[in-house]
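This report goes through one protein chain in short sections. Have the sequence and the structure open while reading.

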Amino acid sequence: IASLIDYLAGGVQTYIEEVEALSSIYGDEWCVIDEASRIFCIKISSNLEEPKLTACLQIILPSDYPSAAPPIYQINAAWLRGPERVKLANSLEDIYHAGESILYLWVERVREFLVEKSQSSGTEEHPEKENSTAEEGVEDDEEEEKLPNVVALKLKPHVWRCFLADEELPPVKHGKPVTDRRSTFQPHLAPVVSPRQVKMVLEKLYTNKKIASATHNIYAYRIYCEDKNSFLQDCEDDGETAAGGRLLHLLQILDVHNVMVVVSRWYGGVLLGPDRFKHINNCARNILVEEGYVGSVVRPSLDPL
């Protein structure tokens with residue numbers, strides 16, 4: 001490792017040599033998001049056990065890096081705000097000099113910043129707001145998450161979604177509830193690009209007392225893995241036998257990518273028979289249409305399979 005660090009510090013290296021060296025130094029912390037588009041990320045943590053701070057540095061390397069252009073970057077950390085974010089960004093930009101390979105220096109500067117932050121007054125907590133609970137259903141009371149300015153790079157949607165920190169909680173949308181014979185169904189949707197995000201969305205939903213009290217919270221998700229040209233997908237019945245598999249089948253026939261749908265059902269005391277699957281799938285399809293994942297003209301049969 002020491003020789004690799006000396007190698008990086010020695011001067012200008014080619015793009016391929018620099019990436020290979022960083023991968024050797026940081027191992028699993030270094031992640032290739034899209035090699036063709038030169039998109040990478042690295043998870044950085046302080047070396048203090050308590051408190052432990054982490055940040056995710058996402059990087060796009062222009063074709064003329066390092067000879068003429070600096071990396072395009074985004075730092076994601078829930079605790080990093082306002083003046084501190086500006087201070088860190090300025091320190092990174094001060095490091096860059098045309099013609100020099102600086103990714104290693106950037107990563108270590110972020111790590112130094114985390115250590116300094118840990119040694120200061122401590123991390124400030126920002127508790128999340130609970131969703132409001134309404135008689136007619138769960139309202140979406142959170143602000144729309146703002147995306148970093150990478151859309152201008154004209155990346156494919158699944159690529160720039162991956163460019164966002166996969167450890168951040170995605171925005172969760174809540175659809176309109178449907179009631180039939182005192183049973184109520186309500187869909188929830190979130191964009192996801194990793195199993196970790198799936199878990200985070202579920203944890204977030206269960207902080208809402210109304211959702212947590214549902215008789216069933218059925219869910220399914222599909223994540224497109226570009227490097228393998230395949231899908232990572234799974235589902236959960238949550239006690240409503242076969243409902244999760246039917247929901248996943250709906251996502252498959254609609255061919256949606258990088259999305260998770262949860263349907264909450266509050267049982268009203270009257271058995272619905274096969275109609276319950278119809279309501280689950282219709283709720284799911286409606287929110288997929290509302291959020292732009294499916295064209296409204298596409299209408300596959302949603303009758304129970």
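## Terms and model

Contact means heavy atoms within 4.5 Å. The model is predicted: local features need pLDDT of at least 70 and side-chain atom pairs count only at pLDDT 80 or more, while totals for chains, interfaces and linings use all residues. Residues are numbered from 1 along each chain as its sequence is written, and side-chain values use heavy atoms, leaving out hydrogens and water.

## The protein as a whole

The protein has nine helices and 12 strands. These are DSSP runs numbered from the N terminus, with helices (H or I) of at least four residues and strands (E) of at least two. Of its 305 residues, 45% count as buried, that is, under 20% relative accessible area with a 1.4 Å probe, protein chains only.

Among contacts between residues at least 6 apart in sequence, 62% join residues at least 24 apart.

## His216

His216 is found in strand β10, residues 216-225. His216 has a relative accessible area of 11%, so it is buried.

Leaving aside residues up to four places away in sequence, His216 touches Asp238, Gly239, Glu240, Val263, Ser264 and Arg265. A polar atom of the His216 side chain lies 2.9 Å from the backbone oxygen of Asp238.

## Helices α2 and α4

Two packed helices are described by the angle and the distance between their axes. The axes of α2 (residues 15-26) and α4 (residues 103-119) come within 10 Å and cross at roughly 35 degrees. Axes here are lines fitted to C-alpha atoms over the stretch in contact, and angles run from 0 to 180 degrees between N-to-C directions.

In α2, Glu18, Leu22, Ile25 and Tyr26 meet Leu103, Tyr104, Val107, Glu108 and Arg111 of α4.

Notes:
Buried means under 20% relative accessible area, exposed over 50%, partly exposed in between (1.4 Å probe, protein chains only). A polar contact is a pair of N or O atoms within 3.5 Å; within protein, one must be able to donate a hydrogen and the other to accept it, and residues adjacent in sequence count only if both atoms are side-chain atoms.
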